[in-house]
Amino acid sequence: MPFQPGRRLPGERASKIGHLEVLDNPLVQTLCRQLKDRQVDSVTSAALWDPLAISGGPLSIVFSVDGSYQIIQNEMPPYCARAFIKTALLRLDQYALQHIDRETPHPFALRDMLKDSAMHHATVFPLRHVEVAGKTLYDAIREIIFTSLKDDVLLESQPYETLKWIVYHKWNPAAQRGLPEFECPHCRWSRATLPYDADTGACAECGKTMLLTDMLGFHQEMAEDSAPDTVASSYMAIHETLMLFTGIRYFWEGNRQILANCLFIKDGPLSIRAQYSKLVGPIRQFIEHANAAGSPVYIIGQEKSGTFFDHLTLIRDHAPSPACFIPDDAYIKQQIQNRPNQGAPYGLDTNYGAKVFLKLNPYHSMVINVPTGTHRPNPTAADLIGFDRILATLPTILSNRYEGALMPVEMANGVASLSTYPSARILRMFAERP
Ligand SMILES: [Zn+2]
């Protein structure tokens, strides 16, 4: 590690001359001759894919969710840091989709369309060396998370109601269940819980106030007076999920006929990592419950980066189209994650969608996640909820701007992006205002 720049002197730079010594080294030269980039031969890759017959009717309304965050850090020590977070849910119907130019959409046409069809959420967290009157940063962030959800005037607290709907299983009124046990944010060792529908409660061990959002476990990532950047990315991921399920809950409670014509798209995998995966169990149970009740919910996640996307680039060229490949547990572990086929099934605790490689036509291939309800380590096409209607909808929402791109995802990305506008500079000015 080089020395960091200080107030008076610049930081240490890595020496470029050092590269020459490495390349001249005989051992390095011998090893480099043995290293080959991985390739999958055409026969092996073509055999993975199953041809698809697309038969269902397309879904007429598409919801898409995305989020972004930006860490704004002062350039001088002690590098005070704040995180700005934004999420957005976008609604598009087939009429709107048919009237967008798929190659070069006009920015004003997009703006007019998005004005009435996008919901936004934004908040800011203090991360390091920022004071919050009379509170530790730890408690301040806990409270900001709670109020950002509960007192969100613009969204009428709907994402918060969705969190309660998920964790208290409100989609099944007969259940009336409290929260599963979680770690008290104050005494840290007691197993705490809250009774059905509660917003706050007292820890049975230390008596201090716990917030509903404490059950998610953000405090497990934080120290008393600083928080890592991952608190911002975790909040964004949770909020995206809540935005998506706010749309689902709205129609589930109000009009299931409309729900039967909606596709919900999340940018990124249908998974929730680490301690936050407590949401995965109830989400799977709801999806299973809705499917069994004859009201399947059509959801996909699209992975545009990561190991599964990289694997797609290895196997797509020789695939027929339209075709799909649904990897089983052994394939995922051995061929995609490059690890032994041992241990718990892949995604058992964290995923609520199965991985699906799709090639719709010679130009458009993608990795999507489709829920199966109950976790299935070796899913088949028949396990993927609403797969035929999802397949019929995808060709209607393809974008021609990028390979494998979906227009609603591209547009939600534009709405949720913090880096393009209002621009990180404005956020910085705001953060530095005395
Ligand atoms: Zn406690």
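Both Lys266 and Glu240 are buried, where buried means under 20% relative accessible area, exposed means over 50%, and partly exposed is in between (1.4 Å probe, protein chains only). That pair is our way into a predicted model, in which local features need pLDDT of at least 70, side-chain atom pairs count only at pLDDT 80 or more, and totals for chains, interfaces and linings use all residues. Residues are numbered from 1 along each chain as its sequence is written, and side-chain values use heavy atoms, with hydrogens and water left out.

**Salt bridges**

- Lys266 and Glu240 form a salt bridge, with their closest N and O atoms 3.9 Å apart; the term means a side-chain nitrogen of Lys or Arg within 4 Å of a carboxyl oxygen of Asp or Glu.
- Lys266 sits in strand E9 and Glu240 in helix H8, so this pair ties together parts that are 26 residues apart in sequence.
- Those labels come from DSSP runs, numbered from the N terminus: helices are H or I with at least four residues, and strands are E with at least two.
- By this salt-bridge rule, the count comes to 17.
- Asp214 and Arg142 make another one, with the closest N and O atoms 2.8 Å apart.
- This pair links distant parts of the chain, 72 residues apart: Asp214 is in the loop between E8 and H8, and Arg142 is in helix H6 (residues 137–150).
- Asp214 is buried, at 4% relative accessible area, and Arg142 counts as buried too, at 5%.
- Glu410 and Arg401 also meet in a salt bridge (3.3 Å, N to O).
- Here Glu410 counts as buried at 18% relative accessibility, while Arg401 is partly exposed at 41%.

**The zinc site**

- Four SG atoms, from Cys184, Cys187, Cys203 and Cys206, coordinate the zinc ion at 2.3 Å.
- Donors are N, O and S atoms within 2.8 Å of the metal (3.2 Å for Na, K and Ca); water is not among the atoms, so sites may look incomplete.
- The angles between the four donor atoms run from 104 to 115°, which makes the arrangement tetrahedral; for four donors, that label needs all angles between 85 and 135 degrees.
- Along the sequence, the donor residues follow the spacing C-x2-C-x15-C-x2-C.
- Cys184 is in the loop between strands E5 (182–183) and E6 (191–192), and Cys203 is in the loop between strands E7 (200–202) and E8 (209–211), so the pair ties together parts 19 residues apart in sequence.
- Cys184 counts as buried at 0% relative accessibility, and Cys203 is buried at 4%.

**Strand E2 and its partners**

- In strand E2 (residues 61–73), 10 of the 13 residues are buried, so the strand is largely enclosed by the rest of the structure.
- E2 pairs with strand E3 (residues 81–93) in the antiparallel sense over 13 bridges; two strands pair if DSSP finds at least two bridges between them.
- With strand E9 (residues 262–267), E2 pairs in the parallel sense over five bridges.
- Ser64 has Leu90 as its bridge partner in E3, and Val62 has Leu263 in E9.

**Nonpolar cores**

- The largest nonpolar core has 67 residues, and those with the most contacts inside it include Leu212, Phe245 and Ile299.
- Helix H8 (residues 230–254) gives the most to this core, with 12 residues.
- Such a core is a set of buried Ala, Val, Leu, Ile, Met, Phe, Trp, Tyr and Cys residues joined through side-chain atoms within 4.5 Å.

Note on methods: Four donors count as tetrahedral if all angles lie between 85 and 135 degrees; four count as square planar and six as octahedral if opposite donors are over 155 degrees apart and all others between 65 and 115; anything else is irregular.
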